[in-house]
Amino acid sequence: MKIKAEARFVHGRYRGYRVPNQYSVKNPEELKSLGVTKWIEIINGRELNPPPTLDSHGFQLLIEPTKLDLLDTEVVRSQYYEQCREMLLKATGCLEVRGGGHEYRNGFGGESGPRGVKPTPNGSGGAYALGIHADMCAVVEDAFLRIIPDERHFESINIWRSTKLDELIKTMPLAVCDMRSVDPNDIVFGDGMNTGNIKQYTKVVDQRIVYSPEQRWYYFPDMSPEEVLIFRQYDTRQETLNLRTVFHQAVKDPNTRPDAPMRSTIEVRMQAIYGADTDKAARVDRFKRQISSRYSDGSDCDWWSGPIEAYDPPQ
């Protein structure tokens, strides 16, 4: 089974440059043409045989039942995080799992009423991600020094599932791209935002892709409360840029009924720890030198980390 859906790619003119956002752009008119909307074919990942894995495709569907109230953020931190560590240990064969942080998604940003974003239990932004992106790049290694201090390789993994324990995910499923189908030359770095705290968004450097018909997209329709989608966000073991991350976006399934319930999901990010990262300093330098630090108008970029100074939180 396949569906077709609209997806938002970065414009090809940004190859080799940093993509600005509404806070860093010099000319607001540029915002109108940052991206390109394309129709993409998305394959039912359940039909893949053998099933996709983190190592083969960059994503994997797990059966991991839980009876926890995932909308209670204290329960999430005190109990669900431990379940997440256990599932990553089984799925990856890593030595240990460190870190932990989570966000919720429950509506469309910029809309009000039943379809709009509702307040989340932990104050995260809550909006469905409607542009193709990968949340992390080598810049994140600076922030992870406190989590991974002993020069070990790590893989940051997103653990994505419904918070509703009594219904299937019927609205805006997540489309994920087979990492092997992405040409490294189509990857562009962008000025991203960490939306984990709606009171103060912070600067991150994310990744986008230019459209190519060679890219292979998958989704898992009607995910049940027992199912968990895990996917790679950043892997220090991978020298090839496209194998370090999985690009993704929420998409509109044309089979969704107009009266289908809004999706409410939780995504937990944790780091699977592997063996020694020999000559780490040289590797990190090598990875960081791939990141564009200049905008297309020739100006230097200073968007790396810290609070977004002009951010105005919703009241």
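Let's start with Glu 155, which is found in strand S6, a strand covering residues 152-162. Keep in mind that the model you are looking at is predicted.

**Glu 155 and its surroundings**

- Is Glu 155 buried or exposed? Its relative accessibility is 1%, so Glu 155 counts as buried.
- The side chain of Glu 155 makes a polar contact of 2.9 Å with the side chain of Arg 232.
- A polar contact also joins the side chains of Glu 155 and Arg 237, this one at 3.3 Å.
- If you set aside neighbours within four places in sequence, the residues in contact with Glu 155 include Leu 54, Thr 92, Tyr 234, Asp 235 and Met 270. Arg 237 and Tyr 274 are also among them.

**Charges over rings**

- Where does the charged end of Arg 244 sit? You will find it over the ring of Phe 287, 3.5 Å from the centre of that ring.

**Aromatic pairs: Phe 9 and Tyr 211**

- How many aromatic pairs are there? The count comes to 8.
- One of them joins Phe 9 and Tyr 211: the ring centres are 5.2 Å apart and the planes are at 80 degrees, so this pair is edge-to-face. Planes over 60 degrees apart count that way.
- Phe 9 lies in strand S1 (residues 2-10), while Tyr 211 is in the loop between strand S9 (202-209) and strand S10 (217-219). The pair therefore ties together parts that are 202 residues apart in sequence.
- Phe 9 is buried, with a relative accessible area of 2%, whereas Tyr 211 counts as partly exposed at 31% relative accessibility.
- Trp 217 joins in too: ring pairs link Phe 9, Tyr 211 and Trp 217 into a cluster.

**Aromatic pairs: Phe 59 and Phe 220**

- Why is the pair of Phe 59 and Phe 220 edge-to-face? The ring centres are 6.2 Å apart, and the pair gets this label because the planes are at 75 degrees.
- This pair links distant parts of the chain, 161 residues apart. Phe 59 is in strand S3 (residues 59-63), and Phe 220 is in the loop between S10 and strand S11 (227-235).
- Both Phe 59 and Phe 220 are buried.

Technical notes
Residues are numbered from 1 along each chain as its sequence is written. This is a predicted model: local features need pLDDT of at least 70, side-chain atom pairs count only at pLDDT 80 or more; totals for chains, interfaces and linings use all residues. Side-chain values use heavy atoms; hydrogens and water are left out. Rings of Phe, Tyr and Trp (its six-membered ring) pair if their centres lie within 6.5 Å; planes under 30 degrees apart count as stacked, over 60 as edge-to-face and the rest as tilted. Helices (H or I, at least four residues) and strands (E, at least two) are DSSP runs, numbered from the N terminus. Buried means under 20% relative accessible area, exposed over 50%, partly exposed in between (1.4 Å probe, protein chains only). A charge sits over a ring if NZ of Lys or CZ of Arg is within 6 Å of the ring centre and within 35 degrees of the ring normal. A polar contact is a pair of N or O atoms within 3.5 Å; within protein, one must be able to donate a hydrogen and the other to accept it, and residues adjacent in sequence count only if both atoms are side-chain atoms. Contact means heavy atoms within 4.5 Å.
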